[in-house]
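Here is my note on the model, point by point. Please keep the structure open while you read.

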Amino acid sequence: MAVLNGTFGMISVGGTVVLNLTSCDISQEMATRDVTTKTSAGNRELLEGMMSWSGSASGFFEDEDAEGHKMLLAALQARTAVALIYTEYDATGTTAASGNTKYTGSIFITSISRSDGLEDTATWEVSFDGTGALTAGTN
C-alpha cells in the first residue's frame with residue numbers, strides 16, 4: 001500500500017493549477033429521506049437521497065498571483081460554474097502524477113476570504129460546491 005504525501009495534493013480550476021496552495025479538501029455526501037411510518041415500531045427508517053459534494057482550499061496571498069486568489073475571486077464574481085480537477089501533482093506542482101486518482105467535476109465558488117494578521121503571512125481561503133456528479137478516474 002502506497003500512502004500518499006498530502007503535500008502533492010493540488011487543485012486546478014478552469015484548467016489552471018491554483019498556486020500558493022497550503023491545503024485542500026473535498027468531500028462527498030448523500031442525504032437521506034425519512035420514510036418512518038406508524039408501523040415502524042418506533043424505529044426510524046431511511047432511504048437514499050440526493051448526492052452532493054463540496055470542498056475548500058487555502059493558500060498564501062500574493063498580490064501578483066494571477067493563478068491564486070485573483071483567479072478564484074474572478075470565478076466567484078463571474079457567478080458561473082468552472083471545471084475542477086483534484087489530484088496529486090509531481091514535486092514541481094505543474095504536472096499531474098501518472099497513475100494516481102483524480103476527481104473531476106464542475107463547481108461554483110461559494111465564498112472566498114483573505115486574512116492579514118499582524119506580522120503574519122497573508123492568506124486566503126475558498127469554499128466551493130459541486131454541481132452535477134463528482135467523477136473519480138486516474139491520471
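1. Start with a loop. Arg79 is found between α1 and β5. The model is predicted. Arg79 is not a glycine, yet its phi is positive, about 55°. The residue is exposed, with a relative accessible area of 71%.

2. Glu119 is placed between β6 and β7. Its phi is near 50°, again a positive value in a residue other than glycine. Glu119 is exposed, and its relative accessible area is 81%.

3. Now the overall layout. The protein has 1 helix and 7 strands. Read from the N terminus, the order of elements is β-β-β-β-α-β-β-β. Of the 139 residues, 28% are buried. Among contacts with a separation of 6 or more, 63% join residues 24 or more positions apart.

4. The sheet comes next. It is open, has 7 strands and pairs them antiparallel, in the order β2-β1-β5-β6-β7-β4-β3. Which strands stand at the edges? They are β2 (16–17) and β3; each has a single partner strand, so one side of each is left without a neighbour in the sheet.

5. Strand pairing can be checked by bridges. β6 and β7 are antiparallel and share 13 bridges. Within that pair, Lys102 has Gly137 of β7 as its bridge partner. β3 and β4, also antiparallel, are joined by 12 bridges. Gly59 stands opposite Trp124 of β7.

6. Look at the helix against the sheet. α1 lies across β1, β2, β5, β6 and β7. Relative to β6, α1 runs at about 95°.

7. Then the core. The largest nonpolar core has 23 residues. Those with the most contacts inside it are Ile11, Val13, Val18, Leu21 and Trp124. Two or more residues come from each of β1 (9–13), β3 (21–34), β4 (46–60), α1 (69–78), β5 (82–88), β6 (101–115) and β7 (123–138). Which element gives the most to this core? It is β7, with 4 residues.

8. Leu21 deserves a separate look. Neighbours within four places in sequence are left aside here. Leu21 is then in contact with Gly9, Met10 and Ile11, among others. The list also includes Ala57, Ser58, Gly59 and Trp124.

9. Tyr86 and Tyr103 form the pair, with centres 6.3 Å apart and 65° between the planes, which is edge-to-face. Tyr86 lies in strand β5 and Tyr103 in strand β6, so the pair ties together parts that are 17 residues apart in sequence. Tyr103 is partly exposed, at 30%.

10. The charged end of Arg114 sits over the ring of Phe61. The distance from the ring centre is 3.7 Å.

Key
Residues numbered from 1 in each chain as written. Predicted model: local features only at pLDDT ≥ 70, side-chain atom pairs only at ≥ 80, totals over all residues. Heavy atoms only, no water. Core = buried A, V, L, I, M, F, W, Y, C linked by side-chain atoms within 4.5 Å. Buried < 20%, exposed > 50% of the residue type's maximum accessible area, 1.4 Å probe, protein only. Contact = heavy atoms within 4.5 Å. Pairing = 2+ DSSP bridges. Axes fitted to C-alpha atoms, helices over the stretch in contact; angles between N-to-C directions. Phe/Tyr/Trp six-rings, centres within 6.5 Å; stacked < 30°, edge-to-face > 60°. Lys NZ or Arg CZ within 6 Å of the ring centre and 35° of its normal.
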